[in-house]
Amino acid sequence: MDWVPLARFIKAFTFGYPFVMAWYWMIGGVLYHLLRGRHEPRPENPPTLPEYPPVSILLPCHNEEAQAKETLGVLAAIDYPDFEIIAINDGSTDRTAEILDSLVPHIPQLRVVHLAKNQGKSTALNVGALLARNEILVGTDGDAMLEPHSLTWFVRRLQSDARLGGATGNPRIRNRSSMLGRLQVGEFSSIIGLIKRAQTVYGRIFTVSGVMCAFRKRALHDVGWWSREAITDDVDLSWRLQLAGWQLVYEPKAICWILMPETLKGLWRQRVRWSIGGTQAVLGSTRQVFFGGRWELLVIWLNYVASIFWAYCILVGIALWLVHVAIIPLHPEVPIANPIPGFWGALLAVTYLMQAVVSVALDRRFESGVHRAIFWVVWYPLVFWLLQALTAAAALPKALLRPRGASGAWISPDRGIR
């Protein structure tokens, strides 16, 4: 077999794809700032709205005894004139039910619903949405701490355009006691926010952040609410809303603070689940994208497919390098993609650093001291790009082989060292 063309392509694509995408995100992020961000007030100083429609906050809970009281205390203190909190206890086996009930007399906005058994986050959200009294629904998680003005920013954005079916907020990491935690601070500071800004400018968002998102109830009704079959409810809903003609946007001033995994096992499980859910959503949308006239979603569809292909190129490239070094030296003309950084590795490192600088410059008004994340971004390619490749490669067969109609009970995720 002639390995030369294959090895050349793998090497070029392995380095070329992240290089091109980094510039794609940077340009989009800068455009977002120029078109919308630079004239916006600071997150702590929202403007007065023409009206303040009532809002329903949906809080699905499963085994949240460690966080429930803190989370609900923060939600109750939100600075918005009219809102309710619907906490849905999804078959918890710890003291979650007892804690939620004990808080009802102390939080007037709180309503509690108990489900007899664990039926999954999507079911819990559907129950909460059907019980909600209001048109605007804000979804969050049991470990999230919303900033006081987050509802105002969501409502303001939804008021700006009737075509908006939803908006995604700006999650920030609050547990930073380990190297994995600090690496994720760099990830969210330099990657996630930049990507969502760029996707908003380019017209379509791959996914809202389930921990911090707002929807119009009629948009949810239009697409059949949250799917019980989806392993990642936020990705699945984002695609179905946009396939139905609704638009989604990023609202960086709607901020919440979240807990993230700080063990390799917890991080692996989280990222594999994200990859499976993303793959299912993309595969499930293929027919409508190509044959249903939803060409506006083609860019993010192609990008996701390319990212999966890139993940397998990484694995094949590493395998070829190991064969070349440790087993059978390949032909001298075969261009091996050496994982030890050379010129292309150095170019990527400089590009990632530029991306981090751009993103931190955009994010500095949302988190004090965010510039310190640049140090951890230097290590991002060594940890999270490899993790992304491994989880994406592992997720593809799982997504393809997952039984149709399977619904998801859920377990409490790793929420780090506190």
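Q: Quick one before the sheet: what makes two strands pair?
A: Two strands pair if DSSP finds at least two bridges between them. The strands themselves are DSSP runs of E with at least two residues, helices are runs of H or I with at least four, and both are numbered from the N terminus.

Q: And what kind of model is this?
A: It's a predicted model, where local features need pLDDT of at least 70 and side-chain atom pairs count only at pLDDT 80 or more, while totals for chains, interfaces and linings use all residues. Residues are numbered from 1 along each chain as its sequence is written, and side-chain values use heavy atoms, with hydrogens and water left out.

Q: OK, how many helices and strands are in the protein chain?
A: The protein chain has 13 helices and eight strands.

Q: In what order do the strands of the sheet come?
A: The order is β3-β2-β1-β4-β7-β6-β8-β5, in an open sheet of eight strands with mixed pairing. At the edges sit β3 (110-115) and β5 (145-146), each pairing on one side only.

Q: What holds paired strands together in general?
A: Strands of a sheet pair through backbone hydrogen bonds, either parallel or antiparallel.

Q: Then β4 and β7: parallel or antiparallel?
A: Antiparallel, with five bridges joining β4 (residues 136-140) to β7 (residues 212-216).

Q: Which strands does helix α2 lie across?
A: Helix α2 (residues 68-76) lies across β1 (55-61), β2 (83-90), β3 and β5. Its direction is at about 165° to β2; axes are lines fitted to C-alpha atoms, for helices over the stretch in contact, and angles run from 0 to 180 degrees between N-to-C directions.

Q: Where's N63, and what's its phi?
A: N63 is in the loop between β1 and α2, and has a positive phi of about 55° although it isn't a glycine. N63 counts as partly exposed because its relative accessibility is 23%. The cut-offs: buried is under 20% relative accessible area, exposed is over 50%, and partly exposed is in between (1.4 Å probe, protein chains only).

Q: What about W225, buried or exposed?
A: W225 is buried, at 16% relative accessible area. W225 lies in the loop between α7 (217-223) and α8 (233-243), and it also has a positive phi, of about 65°, without being a glycine.

Q: How much of the protein chain is buried?
A: Buried residues make up 54% of the 418 residues. The chain exposes about 18600 Å², with carbon and sulfur atoms supplying 63% of that; those areas come from the Shrake-Rupley method with a 1.4 Å probe, and for residues, only the protein chains shown count as cover.

Q: Switching to charges. How many salt bridges does the structure hold?
A: There are 12 salt bridges, each a side-chain nitrogen of Lys or Arg within 4 Å of a carboxyl oxygen of Asp or Glu. E84, R111 and R133 are linked in a network of them.

Q: E251 and K253: how far apart are the closest N and O atoms?
A: They're 2.9 Å apart, and the two residues form a salt bridge. E251 counts as buried because its relative accessibility is 1%, and K253 is buried too, at 5%.

Q: And R294, buried or partly exposed?
A: R294 is partly exposed at 25%. Its salt-bridge partner is E296, at 3.4 Å between the closest N and O atoms, and E296 is partly exposed at 30%.

Q: How many aromatic pairs are there?
A: The structure holds 11 aromatic pairs. Rings of Phe, Tyr and Trp (its six-membered ring) pair if their centres lie within 6.5 Å; planes under 30 degrees apart are stacked, over 60 edge-to-face, and the rest tilted.

Q: What's the geometry of F206 and Y304?
A: That pair is stacked, at 5.1 Å centre to centre with 10° between the planes. F206 lies in the loop between α6 (179-202) and β7 and Y304 in helix α10 (residues 298-327), so the pair ties together parts 98 residues apart in sequence. F206 is buried at 16%, and Y304 is buried at 13%.

Q: Why is the pair of F290 and W295 edge-to-face?
A: The ring centres of F290 and W295 are 6.3 Å apart and the planes are at 80°, so the pair counts as edge-to-face. F290 is partly exposed, at 29%.

Q: Which residues do ring pairs link into a cluster?
A: F13, Y17, F309 and W310 are linked that way.

How values were computed
Contact means heavy atoms within 4.5 Å.
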